[in-house]
Amino acid sequence: MGHGSSKSDSSSGDSADGGSKPSRMRRLGRRLHLHSHHFRRRSRAHTTGSHSYTSKILKEEDFAGIALIRIITAEMKFKDKWLVCISLGEQTFRTHVSDQTDKPTWNSEKKLLLERHGAHIARISVFETNRLSKNNLIGYCEIDLLEFLSQDSSSDTEVFDLLDPSSSSTVGRISISCCIEDPVDTEKSFVRRILSIVDYNEDGELSLAEFSDLIAAFGNKLAAEKQEELFKQADRNGDGVVCLDELATLLAIQHEKEPLINCCPVCGHVLEVSDGLNSMIHMTLCFDEGTGNQVMTGGFLTEKEASSGWMFKLSEWAHFSTYDIGLRSGSSASHILVYDRRKKRLVEEIIDRKIVLSMRAIYQSKFGLGLMDNGAKEILRSLSEKQGKKMDSAESAKEIPNFIEFFKGQINMDEVKYPLEQFKTFNEFFIRELKPGARPIAFIERDDIAVCAADCRLMVFNSVADSIRFWIKGRKFSIQGLLGNEACSSAFVNGALVIFRLAPQDYHRFHFPVSGTIEKFIEIPGCLYTVNPIAVNSKYCNVFTENKRVVSIISTEYFGKVAFVAIGATMVGSINFSRKEGEYVKKGDEFGYFSFGGSTVICVFEKDSIKIDEDLLENSARSLETLVSVGMQLGLSIKKD
């Protein structure tokens, strides 16, 4: 079909020989194939463990609408080939690469699900693409999509400054269009999209034949058996065709009785027939936007993955590397993804590739374990001592700019208390203080609410059993082994475990998570293994119970006793405390700092004393660390007197 009017389709569709039926169905198949190909291409992340709209159940009160974002053009300070990535929650999309220019144009768009209590800050990042394996991040901006719900503007296009990732300077400007469909508009748009698939002659109306093809695509056998009855029910004005409004009315009325749509006609996903909202959201996002602009490529978890050059994509295709949520042990542990709690999106931790390879060689193999057992522990200790002395020398200060550049975008110099030129050694910069108020403390007057003790990647578990199941793979890890005989009590053995892992780029001062009195400090000698997840997830060593550490016991009113364990690591031979035994402290107060390197703090709460925040538990159950800051809420006291 597709030539002539929809009404003529009706008669041919009812012919006895049904000769036109295969032709129509082939055409429908071709149209759905185009959508299906696009869907598969942009949904690779959905098969690698990340949550997606195909599996997440959204409540009606949480649905804010569908955001349609269009990246239009930009003005940059130099000529190059450019691409743009947009990240929201656990999904990242990218545009095509522009021509060589300082005024790139993309006209590329993406539809995103917007939740009232979910991720709503979209990060737009612009990359130059003059490298084979790694493209350079030049500038970014962030857009709060929920603000567009309340905007009263005649235009949905705005120009945003692009900020340098390491400073607040402007490196360009980008023009972005963003409009938010409310639920009513989304439903109308969805029906319009469905109609366009089977409206072969594009006259905005469905004949009986076209309507029958649509019902068949919905996968509802019962509805297919009474398609003529449904067609007459939809054709409210009796003109022999079903228009957009009539189809929308039919779907709405039928949903209350017996939903027509059993599966998505694009990807074949089986839909919950009792959940019209999520079915509509799924299919709206599954269908192409259909505005004539290029649709962004999806299936990425982070902007770093999305912006990678062809050499990385070749290594990923050959299984030399992999992007996934959670950390896999062995050779595939090449990327560490964490969930940014404030921005509600996935980010990749920056680690030197040579260090990753060496850590895997040492901590993920029996050969590496053999090295540890035959003197490598002493080598690490000696290396840490020498590196510590080097970082305290005046000559080390010249490494500070290189360090900031390597961790571009992950060190905010605007928060640092003193100007850069005031740091005379690298270690002075590494243990830098922040400006007052840079880390607000959640519910500061309420001692029954515990807070995060460090800027870090956080893992939380209600018990040691959970931590072993989801994260710690070391040999015979136990609370008694962690705390030692002097500090451990039966109340700690089955208590909650909170792991604050500091990476080199983090602010390296740690703070009190609770208010109380410091009862005692206990020093436990040990090794200086790295505390990187590649080592923590190794089954060949136990970094937490074998490393040098200091255990302090804090007596509190609301949480009972809390064990605070500061753990040394490679390059961190010194753990420094700024408070003494017998002092009463308030949550959020500074407790101490680590010198150069990565390091970890572990807090052990007594059994049934704390209800840890649900979002932190959910991430940890997925073996996904949460990026948090000092003072963020950790959990609520549930200890009974």
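UniProt positions are given here in the numbering used throughout, feature names are shortened, and annotations may be inferred rather than shown by experiment. With that in mind, the unreviewed UniProt entry carries the annotation "modified residue: Pyruvic acid (Ser)" at S599. This is a predicted model, in which local features need pLDDT of at least 70 and side-chain atom pairs count only at pLDDT 80 or more, while totals for chains, interfaces and linings use all residues. Residues are numbered from 1 along each chain as its sequence is written, and side-chain values use heavy atoms, with hydrogens and water left out.

So where does S599 sit? The residue belongs to strand β25. S599 is also buried, at a relative accessible area of 0%; buried means under 20% relative accessible area, exposed means over 50%, and partly exposed is in between (1.4 Å probe, protein chains only). Helices (H or I, at least four residues) and strands (E, at least two) are DSSP runs, numbered from the N terminus.

Zooming out, the protein has 21 helices and 28 strands. Of its 641 residues, 56% count as buried. Contact means heavy atoms within 4.5 Å. Among contacts with a separation of 6 or more, 72% come from residues 24 or more positions apart.

Strand β25 is part of an open sheet of ten strands, in the order β14-β13-β27-β16-β17-β25-β21-β20-β19-β23, with mixed pairing. At the edges stand β14 and β23 (584–585), each with a single partner strand, so one side of each has no neighbour in the sheet. Two strands pair if DSSP finds at least two bridges between them. Strands of a sheet pair through backbone hydrogen bonds, either parallel or antiparallel.

β21 and β25 pair in the antiparallel sense over six bridges, and V562 has F605 of β25 as its bridge partner. β20 and β21 are antiparallel too, over seven bridges, with I553 opposite A563 in β21. These two strands make a hairpin with five residues between them, and G560 in the turn has a positive phi of about 70°. Next along, β19 (residues 516–524) pairs with β20 in the antiparallel sense over seven bridges, and I522 has V551 in β20 as its bridge partner. As for β21, six of its seven residues are buried, so the strand is largely enclosed by the rest of the structure.

A helix joins the picture here. α21 lies across β13, β16 and β27, running at about 90° to β16; axes are lines fitted to C-alpha atoms, for helices over the stretch in contact, and angles run from 0 to 180 degrees between N-to-C directions.

What about the nonpolar residues? A nonpolar core is a set of buried Ala, Val, Leu, Ile, Met, Phe, Trp, Tyr and Cys residues joined through side-chain atoms within 4.5 Å. The largest one has 35 residues, and L458, V498, F500, F605 and L634 have the most contacts inside it. Elements giving two or more residues to this core include β16 (456–461), β17 (497–502), β25 (599–605) and α21 (614–621). Another core, of 30 residues, lies apart from it and has V84, L88, I124 and F160 among its members.

Charged side chains come next. A salt bridge is a side-chain nitrogen of Lys or Arg within 4 Å of a carboxyl oxygen of Asp or Glu, and the whole structure holds 22 of them. R622 pairs with E90, their closest N and O atoms being 2.9 Å apart. This pair links distant parts of the chain, 532 residues apart: R622 is in the loop between α21 and β27 (625–628), and E90 in the loop between β2 (82–88) and β3 (91–94). E90 is buried, with a relative accessible area of 12%.

R341 and D615 also form a salt bridge (2.9 Å, N to O). R341 is in the loop between β13 (337–340) and β14 (345–348) and D615 is in α21, so the pair ties together parts 274 residues apart in sequence. R341 is buried at 15% relative accessible area, whereas D615 is partly exposed at 31%. In a further pair, D455 and R439 have their closest N and O atoms 2.7 Å apart, and both residues are buried.
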